[in-house]
Amino acid sequence: MKVTQRDIAQRIGVSTSLVSRVLSGQAHKIGVHPKKIEEIIKVAKEMNYVPSPAALILKGKKSRTVGIVAYDFNDPYFSFLISELQELSHTHNYSLLLVGFQNRKPHESDLLPLYKHSVDGIIVLGSFGDLSWTEAFKDIPIARIGHGSHPNLTLSISVDENDAMRKIFTHLSKDLGLKKIAFATREVPAHHLRCASAEEVAKDFNCNFYSLAPTSGINDFKVGQEIGRDLVKKGKENLPDAIICASDTIAMGLIKKFYESDIRVPEDVAITGFDDIPSAENYIPSVTSFRQPVKHFAKMCFSAVIENAEPKVIHSEGELIIRKSTMKI
């Protein structure tokens, strides 16, 4: 439970306003005895009191610290984003405070560092999920890189999923002539949204589109391997022409399982990923992937939280990076 100035006042037996004046450095103006000031500061430290972000803002004080809340530390895409945000923080002489949630659900202990360090703003990395915890920070700017709006968000910025899928289908169906196209996904809301966009766009290309049943895998690479294993069991003759993966890591898991089963990529099946994480280019074969505008996302969110911009929702376009996993042989 967060300690308040009222808690300190009750412990000592003084008024809350007196505690407030002491902790704000204004006690000398009303002639508070030095011993009483010392006592209040001592008790505040013993109770681990930290000022609220809202109180600091009202006093015009800045900690020059931005909190980064990552929904999933196992996702390499988030590492990519954090790297960009760290570079921006150095440029603007800010510090980053990194916290994360287990299974995308916040606990009080996860939020304590944000209270303790009185961050000037918060950037959330990840789509959807419970944002009720932001009520405690609604007096400071909060931005999100990911899907899902919320009244407490200054900015919500994400990739335009329909644009992404249109570019992928143009490459697979129009350029390569592939018509039997599957979608490999994991059971997370952002992947469901991506799959729904793919299903809608597929209609414009007259494709035989279907979704590969999501598994219970806890990480994308294992999900890719499991989906690959199920496809191998059905026989090479029943493979789709191409598989669009909801992430690069799912694509990598698929490619590994296919390699172990003598199924060639792209000769037997073309595979695309999503996010264009650094390892996608270095995989064998290198993975065709949709590159999200990470630098743009990071720059927009960082500016939103340090400048307290007007609230807005932005969907940005990205770029399809074509590599060997879909190239004609």
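Which residue with a positive phi follows H3? The answer is asparagine 48, whose phi lies near 60 degrees, and since the model discussed here is a predicted one, this value, like the others below, is computed from predicted coordinates.

H3 runs over residues 34–46, and its 13 residues reach 18 Å from the first C-alpha to the last, close to the 18 Å expected at 1.5 Å a residue. Within H3, the residues Ile40, Val43 and Ala44 are buried; they cover an arc of only 105 degrees around the axis, which puts them on the same side of H3. The face of H3 turned away from the buried side carries Pro34, Lys35, Glu38, Lys42 and Lys45, which are exposed.

What do the buried residues of H3 pack against? Their partners are two helices, H1 (5–12) and H2 (16–23). For the second of these the geometry can be stated in more detail, given that two packed helices are described by the angle between their axes and the distance between the axes. H2 and H3 pack at an angle of about 90 degrees, and their axes are 10 Å apart; because an angle from 65 to 115 degrees counts as roughly perpendicular, H2 is roughly perpendicular to H3. On the H2 side the contact is made by Leu18, Val19, Val22 and Leu23, and on the H3 side by Lys36, Ile37, Ile40, Ile41 and Ala44. Ile40 and Ala44, which take part in this contact, are also among the buried residues of H3.

The loop between H2 and H3 holds isoleucine 30.

The axes of H7 (residues 161–175) and H8 (residues 189–202) come within 9 Å and cross at roughly 55 degrees, which makes H7 oblique to H8. The crossing in which H7 passes H8 is right-handed. From H7, the residues Glu161, Asn162, Met165, Arg166 and Phe169 meet Leu193, Arg194, Ser197, Ala198, Val201 and Ala202 of H8.

H8 itself has 14 residues, which at 1.5 Å a residue should span 20 Å, and the end C-alpha atoms are 20 Å apart, in agreement with that expectation. Its buried residues are Ala190, His191, Arg194, Cys195, Ser197, Ala198, Val201 and Ala202; they cover an arc of only 160 degrees around the axis, which puts them on the same side of H8. Several of these buried residues, including Arg194, Ser197 and Ala198, also belong to the set that meets H7.

Histidine 191, which lies in H8, deserves a separate look. Why does histidine 191 count as buried? The reason is that its relative accessibility is 8%, whereas the cut-off for a buried residue is under 20%. With its neighbours within four places in sequence left aside, histidine 191 is in contact with Phe183, Thr185, Arg186, Asp220, Ala246, Ser247 and Ile250.

The remaining points concern the backbone in loops. Asparagine 206, in the loop between H8 and strand S7 (208–212), has a phi near 55 degrees, a positive value in a residue other than glycine, and is exposed, with a relative accessible area of 67%. Aspartate 262, found in the loop between H10 and S9, likewise has a positive phi, near 60 degrees, and at 63% relative accessibility counts as exposed. That loop, between helix H10 (248–260) and strand S9 (270–275), is also the place of proline 266, and the peptide bond from valine 265 to proline 266 is cis, with omega near 15 degrees. Another cis peptide bond joins isoleucine 284 and proline 285, with omega about -5 degrees; proline 285 is placed in the loop between helix H11 (278–282) and strand S10 (288–291).

Methods
Residues numbered from 1 in each chain as written. Predicted model: local features only at pLDDT ≥ 70, side-chain atom pairs only at ≥ 80, totals over all residues. Heavy atoms only, no water. Helix = DSSP H or I, 4+ residues; strand = E, 2+ residues; numbered from the N terminus. Expected span 1.5 Å × (residues − 1). Buried < 20%, exposed > 50% of the residue type's maximum accessible area, 1.4 Å probe, protein only. Arc of directions from axis to C-beta. Contact = heavy atoms within 4.5 Å. Axes fitted to C-alpha atoms, helices over the stretch in contact; angles between N-to-C directions. Parallel < 35°, antiparallel > 145°, perpendicular 65-115°, else oblique. Left-handed = near helix turned anticlockwise from the far one by under 90°.
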